Amino acid sequence: MSIPAAAASAQAPWQRLLAQAICDPAQLLRALSLPDHLLPAARRAAALFPLRVPAPYLARIAAGDAADPLLRQVLPLDVECEPQPGFSADPLAEAATQPVPGLLKKYHGRALLIATGACAIHCRYCFRRHFPYADAHAGGSRLEPALAAIAADASIGEVILSGGDPLTLGDLRLAALAQRLAAIPHIHTLRIHSRLPVVLPQRVDAALLRWLAPLSLRKVLVLHTNHPAEIDADVAAALAGLTHSGVTLLNQAVLLRGVNDNADTLIALSERLHGIGVLPYYLHLLDRVQGAAHFDVPQASGEALINAMRARLPGYLVPRLVREIPGASGKTLIA
Ligand SMILES: *Cc1c(COP(=O)(O)O)cnc(C)c1O
Ligand code: SF4
């Protein structure tokens with residue numbers, strides 16, 4: 001190891017877990033007792049979009065099952081390398097909707113700040129897998145222009161920290177950013193879009209809650225959970241901490257073939273989320289990004305799944321089925 005001892009000991013446990021995430025396909029296959037013949041394809045696909053899985057998420061994947069719904073979300077496959085008609089590198093045309101780099105203002109009243117390009121996990125279906133993060137996030141010298149643009153536009157009441165995953169940033173930076181936003185008179189709500197409380201629940205520690213709880217803004221955290229098996233006792237504890245800190249908790253999921261495209265799984269997901277204080281918000285139809293075609297579920301199947309959920313769940317546990325269409329004034333509601 002080349003990290004000096006002092007620096008290493010200054011890291012929080014979650015930062016160590018983040019730094020030690022599995023990025024080598026051979027290591028992933030070994031850890032899960034999966035056959036070697038999966039390796040060449042995994043290496044080819046990981047060269048396009050790197051593999052990344054932190055240990056706490058890995059622990060929830062069943063060993064020896066190449067069809068495990070959590071594994072499918074992270075295992076690089078050969079099909080990702082085949083171009084598919086109708087699937088593009090920037091399906092949401094986001095490259096064109098940034099008033100300043102790292103700030104997306106697509107919808108009325110809310111602006112989305114790409115706080116970082118980094119993620120704790122790499123989801124193979126991610127629509128940002130081709131996003132030019134290195135150039136497009138609002139970190140470093142880009143932060144001041146982004147904050148100035150928010151301060152200059154009184155129509156913005158809510159700022160969404162997104163990415164990448166904003167909770168991969170350290171608490172000093174996040175706390176400073178939150179304070180800057182709270183000082184802008186027209187900002188009333190801070191929303192965080194993060195998969196970290198699910199994939200690395202250790203992230204929700206005392207240092208995070210110390211700046212988040214007393215913040216003088218309404219606080220909303222939109223999680224990203226796709227399958228009930230992603231929720232374990234550590235995740236429940238992390239979310240309890242957020243609930244006690246006054247954070248409204250919502251979940252968005254992506255409808256994914258071979259992961260959650262059946263009514264029983266989606267119903268179990270809603271019920272598990274509710275059990276830990278989270279309401280389902282959106283169920284997204286897949287964005288048509290190159291390399292993710294094998295996850296696509298037809299819209300008619302999505303509608304049938306929502307109807308099956310409606311027949312068995314209270315209305316507040318049925319997510320809104322949506323698709324993102326470039327140029328629309330909000331997510332487009334289906335059915
Ligand atoms: C999804 C999204 C939002 C948030 O939309 P809500 O419907 O409020 O959840 C805001 N800005 C951008 C650019 C988005 O993609
Ligand atoms: S942005 Fe979200 S969906 Fe995409 S790789 Fe990161 S955590 Fe996964």
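Buried means under 20% relative accessible area, exposed means over 50%, and partly exposed is in between, taken with a 1.4 Å probe on protein chains only. By that rule Ser-245, at 9% relative accessibility, counts as buried.

Some background before I go on. This is a predicted model, in which local features need pLDDT of at least 70 and side-chain atom pairs count only at pLDDT 80 or more, while totals for chains, interfaces and linings use all residues. Residues are numbered from 1 along each chain as its sequence is written, chains are lettered from A and ligands numbered from 1 in the order in which they are written, and side-chain values use heavy atoms, with hydrogens and water left out.

Back to Ser-245. Helices (H or I, at least four residues) and strands (E, at least two) are DSSP runs, numbered from the N terminus. Ser-245 sits in the loop between helix H12 (233-244) and S6. Beyond four places in sequence, Ser-245 is in contact (heavy atoms within 4.5 Å) with Leu-209, Ala-213 and Lys-219.

Strand S6 itself covers residues 247-254 and holds Gln-252. Is Gln-252 buried or exposed? Gln-252 is buried, because its relative accessible area is 15%. The side chain of Gln-252 makes a polar contact with that of His-284, at 2.7 Å. A polar contact is a pair of N or O atoms within 3.5 Å; within protein, one must be able to donate a hydrogen and the other to accept it, and residues adjacent in sequence count only if both atoms are side-chain atoms. Leaving aside neighbours within four places in sequence, the residues in contact with Gln-252 include His-224 and Tyr-282.

Those two residues lead to the ligands. His-224 is one of the residues surrounding ligand 2, among them also Cys-119, Cys-123 and Cys-126; a residue counts here if one of its heavy atoms lies within 4 Å of the molecule.

Tyr-282 belongs to the surroundings of ligand 1, which also include Arg-110, Arg-191 and Lys-331. Which side chains come within polar reach of ligand 1? A polar side-chain atom of Tyr-282 is 2.6 Å from an oxygen atom of ligand 1. For Tyr-281, an N or O atom of the side chain is 2.7 Å from a ligand 1 oxygen, and for Glu-324 a polar side-chain atom is 3.4 Å from one.

Last, His-130. His-130 lies in the loop between strand S2 (110-114) and helix H7 (133-136), and is partly exposed, with a relative accessible area of 32%. Its C-alpha atom is 7.1 Å from that of Asp-90, 40 residues away along the chain.
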